[in-house]
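Reader: Can you walk me through this one? I'd like to go over the ligand site, the core and the backbone.
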Amino acid sequence: MSASTWTSTKSSGATDWPVPPGWTLHYLPTTGSTNDDARSLALAGCPDRTVVLADEQRAGRGRLGRRWIAPRGASLLLSIVLRRKTPSVFLTALCSLGVVEAIAETTGLTARIKWPNDVMIGPKKVCGILTEVLSRDDQAMTVVGIGLNVNLEPMVAGIPESGTSLSLELGRDVERATLFGVLLARLDAALALADRSFEDAIRGRWEALLWRRSQAVRVDQDGPTLYGVVEGLTSSGALRLRAPDGELIEVAIGDVIGL
Ligand code: BT5
């Protein structure tokens with residue numbers, strides 16, 4: 001079903017945010033962090049595919065307590081509650097893939113996934129993802145938060161030089177509701193795949209879109225800094241890196257830095 005035929009949920013009165021059948025949208029003009037809102041909804045028993053969308057966050061978070069910067073009404077700031085047994089690493093990758101595909105479909109821009117899940121345009125980050133796993137009574141619940149820079153000038157907004165936005169890359173603004181609708185359509189289609197083939201399908205597409213694939217990178221991690229060429233992913237979603245001495249290294253956690 002195309003985004004234009006979906007039912008729309010009326011938001012602040014100014015914008016219609018389209019959602020596919022089976023999804024529930026909570027729109028907030030302003031909030032602390034959509035991840036916190038989604039977490040509360042999840043713990044209160046909200047259905048799978050509940051989305052919290054905000055125009056402004058007062059306390060937007062990155063990983064490890066870092067800050068996520070987003071001027072009001074300029075980004076897509078959303079968190080999705082997923083109730084699946086699928087490992088969270090694949091749910092996160094699915095969301096990164098959805099962002100890459102929605103960007104391509106809406107703007108024609110080519111984005112890539114910096115392992116594990118940042119979305120990059122060229123050398124710069126356009127979208128960050130924050131996944132949090134919750135559990136209660138043995139139920140698997142994952143909240144995936146997506147922050148996508150849409151219509152903003154990163155330097156003016158106070159975003160580090162390593163960041164970019166769709167409007168900066170394109171030279172024009174992008175309709176956020178259209179982009180949101182396409183993103184949810186992509187995620188809906190990907191989630192509809194059966195679980196086992198789902199993981200393989202996600203891994204294959206994720207690998208094909210890896211940032212700096214076949215290129216030399218540095219990986220910062222808890223242990224010694226690693227250097228090597230990005231080869232791909234293991235079946236569990238770890239990064240495969242070919243070290244200068246030919247050894248194949250598997251990295252489970254780390255930050256990939258382009259050289
Ligand atoms: C992330 O963290 O990339 C995950 C960001 C997730 C944000 C979404 S918004 C909706 C939902 N609700 C939340 O509260 N969070 C999620 P990390 O890899 O730790 O990157 C954070 C770092 O990126 C910061 O320390 C800055 O250096 C940089 N940064 C901050 N804002 C940025 C922006 N808008 N664009 C690019 N880089 C940014």
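This is a predicted model: local features need pLDDT of at least 70, side-chain atom pairs count only at pLDDT 80 or more; totals for chains, interfaces and linings use all residues.

Reader: Which residues are closest to the ligand?
Author: The closest are Ser33, Arg61, Arg66, Ile69 and Lys125, out of 27 residues that surround the ligand.

Reader: What does serine 33 do there, in terms of distance to an oxygen atom of the ligand?
Author: A polar side-chain atom of serine 33 is 2.7 Å from a ligand oxygen. For isoleucine 69, a backbone N or O atom sits 2.8 Å from a ligand nitrogen. Asparagine 149 uses its side chain instead: an N or O atom there is 2.8 Å from a nitrogen atom of the ligand.

Reader: And how much of the ligand does the protein bury?
Author: The protein buries 91% of the 790 Å² that the ligand exposes when taken alone.

Reader: Switching to the core. Which residues touch the most other members?
Author: Leu78 and Phe180, in the largest nonpolar core, which has 63 residues. Helix 2 (residues 88–107) gives the most to this core, 10 residues.

Reader: What does leucine 78 touch?
Author: Its contacts beyond four places in sequence include Val51, Val144, Ile146, Phe180 and Leu183.

Reader: Backbone now. Where is the cis peptide bond?
Author: Between tryptophan 115 and proline 116, with omega about 5°. Proline 116 is in the loop between strand 6 (112–114) and strand 7 (118–121).

Reader: What about phi at arginine 49?
Author: Arginine 49 has a positive phi of about 65° without being a glycine. Most residues other than glycine have a negative phi. Arginine 49 is in the loop between helix 1 (34–43) and strand 4 (50–54).

Reader: Is arginine 49 buried, exposed or partly exposed?
Author: Partly exposed, because its relative accessible area is 23% and buried would need under 20%.

Definitions and conventions:
Residues are numbered from 1 along each chain as its sequence is written. Side-chain values use heavy atoms; hydrogens and water are left out. A nonpolar core is a set of buried Ala, Val, Leu, Ile, Met, Phe, Trp, Tyr and Cys residues joined through side-chain atoms within 4.5 Å. Buried means under 20% relative accessible area, exposed over 50%, partly exposed in between (1.4 Å probe, protein chains only). Helices (H or I, at least four residues) and strands (E, at least two) are DSSP runs, numbered from the N terminus. Contact means heavy atoms within 4.5 Å. A residue is near a molecule or strand if one of its heavy atoms lies within 4 Å of it. A polar contact is a pair of N or O atoms within 3.5 Å; within protein, one must be able to donate a hydrogen and the other to accept it, and residues adjacent in sequence count only if both atoms are side-chain atoms. Accessible areas come from the Shrake-Rupley method with a 1.4 Å probe; for residues, only the protein chains shown count as cover.
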